[in-house]
Amino acid sequence: MDSLTAAFYDVMYQYRLPFSPEGVAANLTAWRENKTPLVELLRRHPNWNEQELAVVFDFAESREIDHNSVDENKFEMIMLAHDAGLDDIKLSDFQAALDAATADYATIPDASRLETIRTHGRIKCAEGQKASRIINRLCVKFGLDQYQIERIQGEHGDDPTTVMVKPYNAIFARLADSLDPVRIPKTGILSVHPCDFLEMSSQKNSWQSCHRLNGGGYRAGCQSYMGDAVSMIFFTVDDDVKADFYHAPRLTRQIFAYKDGLLLQSRLYPNNDDETRKLYRGLVQNAIAQCLGVPNLWNVKSKPDESRAFLETAEHSLHYPDYEYSYGLVSLLNGTPTDRKLTIGSQSLCTCCGQPHNDSSSLKCGTCESVIVCKECGSTVSRDSAHYMDDAFFCRDCVAQCELCGSWIQGAEVHQAISRSGRIVRLCEHCHTSATGTCDLCSSREICQIINAGRFCPHTEYAVATAA
Ligand SMILES: [Zn+2]
Ligand SMILES: [Zn+2]
Ligand SMILES: [Zn+2]
Ligand SMILES: [Zn+2]
Ligand SMILES: [Zn+2]
């Protein structure tokens with residue numbers, strides 16, 4: 001079995017969905033036939049990963065300045081000024097200057113704040129200077145950095161000692177930190193891997209969309225996107241995930257589609273945030289231009305109606321077209337004729353019989369039998385007769401129920417024993433060990449086994465099947 005087929009089976013097992021070798025082959029054949037030109041384009045990227053069928057980016061997202069933590073840290077600083085014994089006039093000047101330096105909740109305060117800072121703080125400050133630098137100068141001017149308090153040190157049992165500490169440094173560091181946006185490293189994946197389409201709304205995510213395989217109203221859309229010539233999945237995972245990306249929870253995900261100079265960016269999940277969209281769009285635009293070997297120049301159609309004019313949905317496609325509801329944004333590569341259209345989606349193919357189907361809330365048609373492939377022997381059997389255990393389906397020949405405790409067992413977990421009546425029984429490891437071990441009440445069986453005679457003392461029901 002090739003690795004794509006194995007990976008496809010694995011997703012079907014994870015979601016307990018019916019499938020046959022023919023159905024999976026039909027889906028993968030459609031993917032291969034239609035997606036190959038796009039795969040070949042992306043393969044030119046220096047960050048292409050053949051195993052993952054994706055371009056992998058390391059990048060950082062910035063988190064905005066949190067107003068509450070700025071307010072809290074500023075409050076602490078004013079308390080310190082109070083404790084340091086500033087008189088009322090100085091205290092109100094200090095507070096006015098500090099308020100002005102932080103009023104924009106920005107790393108660099110607006111130029112309009114500087115006059116207030118200069119007048120009340122009696123310090124120099126220039127346009128473009130960081131707020132943290134201005135605040136430090138202000139605090140030094142008012143002597144807060146020199147203010148000391150007594151602190152008693154020593155563990156229980158020690159003789160307590162009194163030391164002098166300056167609380168300013170720690171308070172200033174917290175305030176300065178809160179005025180700097182945080183950079184969060186992430187891994188971004190621009191993928192055409194069939195399983196990334198199947199898992200575009202993975203059950204491991206903290207969010208879900210209508211394309212989720214477990215219950216999504218448009219889950220067949222995963223197949224429609226998978227089988228077309230243009231769609232790609234862009235998703236982000238934690239920075240420490242470096243392989244098997246489709247197993248990882250997706251922090252964000254969105255569909256991009258590209259062909260002949262037209263790039264669609266669809267809705268971003270879970271939050272369709274403009275700043276983040278812009279960041280991801282930039283990454284994908286740059287990657288496509290790099291693969292094409294052309295300058296990274298794009299004309300972005302920022303009005304939804306303008307973008308929609310470039311898009312159409314393939315007939316009988318079953319995906320939910322977010323881009324038709326103001327979420328789509330089209331970029332035109334420099335020089336692209338404006339009469340082109342990008343056709344998104346394809347017919348979804350039943351995972352059991354491989355024929356086109358039209359049920360958006362299923363991966364299979366409504367007429368053929370629901371079947372599964374046994375993970376152990378590979379035979380295709382009815383889903384109703386199959387047993388699901390250890391994250392996979394098995395046929396009844398490949399699993400057994402322990403005759404003693406009733407638990408389901410398969411493969412090396414199945415142990416055979418002989419009953420008193422000479423019948424072969426299947427037992428789990430635990431029951432087999434305890435049922436065929438030495439009797440606690442007499443030694444007859446042990447002795448008989450040594451001389452290879454009958455295996456049963458009056459107390460036992462089962463004997464090791466292979467000892468005969
Ligand atoms: Zn079918
Ligand atoms: Zn089997
Ligand atoms: Zn058992
Ligand atoms: Zn006994
Ligand atoms: Zn005996």
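## Ground rules

The model is predicted, so local features need pLDDT of at least 70 and side-chain atom pairs pLDDT 80 or more, while totals for chains, interfaces and linings use all residues. Residues are numbered from 1 along each chain as written, chains are lettered from A and ligands numbered from 1 in written order, and side-chain values use heavy atoms, leaving out hydrogens and water.

Donors here are N, O and S atoms within 2.8 Å of the metal (3.2 Å for Na, K and Ca), and with water not among the atoms, sites may look incomplete. For reference, the ideal angle for four tetrahedral donors is 109.5 degrees.

C350 sits in the loop between β13 (348–349) and β14 (356–357), and C368 in the loop between β14 and β15 (371–373), so the pair ties together parts 18 residues apart in sequence. Helices and strands are DSSP runs numbered from the N terminus (H or I, at least four residues, for helices; E, at least two, for strands). C350 is buried, at 0% relative accessible area; buried means under 20%, exposed over 50% and partly exposed in between, using a 1.4 Å probe and protein chains only.

## Zinc ion, ligand 3

The zinc ion (ligand 3) is coordinated by the SG atoms of C402, C405, C428 and C431, at 2.2 to 2.4 Å. Its site is tetrahedral too, with donor angles of 100 to 116 degrees. The spacing along the chain is C-x2-C-x22-C-x2-C. C402 lies in the loop between β19 (399–401) and β20 (408–410), and C428 in the loop between β22 (424–427) and α12 (429–436), a link across 26 residues. Both C402 and C428 are buried.

## Cores

The largest nonpolar core has 83 residues, and L42, M232 and I344 touch the most other members. A separate core has 30 residues, including I78, I171, A176 and L179. A core, here, is a set of buried Ala, Val, Leu, Ile, Met, Phe, Trp, Tyr and Cys residues joined through side-chain atoms within 4.5 Å.

## Helix packing

The axes of α3 (residues 67–83) and α4 (residues 88–102) come within 11 Å and cross at roughly 160 degrees. Axes are lines fitted to C-alpha atoms, for helices over the stretch in contact, with angles from 0 to 180 degrees between N-to-C directions. That makes α3 and α4 roughly antiparallel (over 145 degrees).

Next, α4 and α5 pack at about 160 degrees with their axes 8 Å apart, so α4 is roughly antiparallel to α5.

## Backbone details

The peptide bond from Y269 to P270 is cis, with omega near 0 degrees, and P270 lies in the loop between β8 (262–265) and α10 (274–292).

Two residues other than glycine have positive phi: S326 at about 70 degrees and D390 near 45 degrees. S326 is in the loop between β10 (311–313) and β11 (329–333) and is exposed, at 53% relative accessible area. D390 is in the loop between β17 (387–389) and β18 (392–394) and counts as partly exposed at 49%.

Key: Parallel < 35°, antiparallel > 145°, perpendicular 65-115°, else oblique. Tetrahedral: all angles 85-135°; square planar, octahedral: opposite > 155°, others 65-115°.
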